Amino acid sequence: MKEKIKYLMSKKSFHIVALISIIAIILFVVGILILRYSVEGETNMPFNLTKIIVISSQEGEDKEQSENKWAFDLMQNNDIYLYVEKNKNYLKEEAIESIIIDNIKVEREKQIGTINFYRPNTLETGGNFSNKQENLVQTVEYKGAMESDIKNLKISNQGGIIAFRCANEKIGEYTSNDDEINHSGLLKKAEIKEEDLKGKIIFDLSISTASGKEYKTNITLDIPVAGIVENGTASKEITNLEDIVFKRTKN
């Protein structure tokens with residue numbers, strides 16, 4: 001029996017079969033690892049996306065040269081806040097170099113209004129966002145700093161909040177000669193239906209660190225938040241982010 005085994009092992013065909021088997025096993029293991037990475041992504045990043053808040057609101061912009069007491073172009077805004085926190089299980093020292101939001105687009109069935117994207121308001125006065133020409137963007141980049149400053153596009157290098165706005169503008173008009181009007185009910189008064197505003201906003205989020213690493217993911221969110229027409233404003237907090245997978249794009 002031993003002689004037969006030695007004979008088989010000495011044959012060239014045996015060595016070829018053994019080599020093919022080893023390569024097949026290696027390829028199988030590599031395939032499993034690649035598949036696992038494509039599903040799970042990075043499992044121990046220095047910084048994690050921990051929460052997303054979407055705040056949907058409505059607004060009326062005064063129309064010029066109207067014969068009515070009130071005349072508005074209507075818009076519907078979606079303010080998106082992303083919370084990035086230091087991973088307590090990541091034991092090495094690390095700092096945020098920058099976070100970039102880009103490749104932003106909106107997919108929707110009904111093409112009502114005009115979609116625009118805005119960075120936080122550049123003016124010191126006023127709210128976080130203002131739909132002004134100077135705030136229009138296609139890409140938003142936050143730089144790592146000692147302290148967060150959302151209006152100056154700075155995030156603490158150990159984590160903080162970043163934000164941008166997706167606005168659906170000129171979705172309709174509303175005019176009135178009433179003495180007073182409810183600004184939070186303009187969409188309802190203009191008989192704009194919520195289902196006509198529905199869509200998905202899709203964008204890339206990239207986190208770059210001081211050590212030269214970069215992690216990237218793609219995020220899809222439903223907009224606007226349900227109840228915007230009926231209530232005037234609506235918000236949603238998203239903490240289940242299991243479907244958001246980061247991949248390392250730079251080492």
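Predicted model: local features only at pLDDT ≥ 70, side-chain atom pairs only at ≥ 80, totals over all residues.

Author: With five residues, S9 gives the most to the lining of the largest pocket. Residues are numbered from 1 along each chain, and side-chain values use heavy atoms, without hydrogens and water.

Reader: What is the volume of the largest pocket?

Author: Rolling a probe the size of a water molecule over the atoms shows where empty space is left. A pocket is an open set of points on a 1 Å grid where a 1.4 Å probe fits, with protein on both sides within 12 Å along at least five of seven lines; lining residues have an atom within 4 Å of a point. Volume is the space filled by probe spheres on points joined across faces, edges and corners. Here it is about 300 Å³. The lining has 17 residues, and closest to the centre are Thr 220, Leu 221, Asp 222, Lys 236 and Ile 238. Strands S1 (47–62), S9 (214–223) and S10 (233–238) each give two or more residues to the lining.

Reader: Which residues have the most contacts inside the largest nonpolar core?

Author: A nonpolar core joins buried Ala, Val, Leu, Ile, Met, Phe, Trp, Tyr and Cys residues through side-chain atoms within 4.5 Å. Buried means under 20% relative accessible area, exposed over 50%, partly exposed in between (1.4 Å probe, protein chains only). In this core of 40 residues, Leu 49, Ile 52, Leu 82 and Ile 201 have the most contacts. The strands giving two or more residues to this core include S1, S9 and S10. Another core, of 11 residues, lies apart from it, with Phe 72 and Val 229 among its members.

Reader: What does Ile 52 contact?

Author: Contact means heavy atoms within 4.5 Å. Leaving aside neighbours within four places in sequence, the partners of Ile 52 include Leu 82, Leu 221, Lys 236 and Ile 238.

Reader: Is Trp 70 buried, exposed or partly exposed, and which is Ser 156?

Author: Trp 70, in strand S2, is partly exposed because its relative accessible area is 22%. Ser 156, in strand S6 (residues 154–156), has 14% and is therefore buried. Not counting residues up to four places away in sequence, Ser 156 touches Ile 96, Ala 145, Met 146, Glu 147 and Ser 148.

Methods: Helix = DSSP H or I, 4+ residues; strand = E, 2+ residues; numbered from the N terminus.
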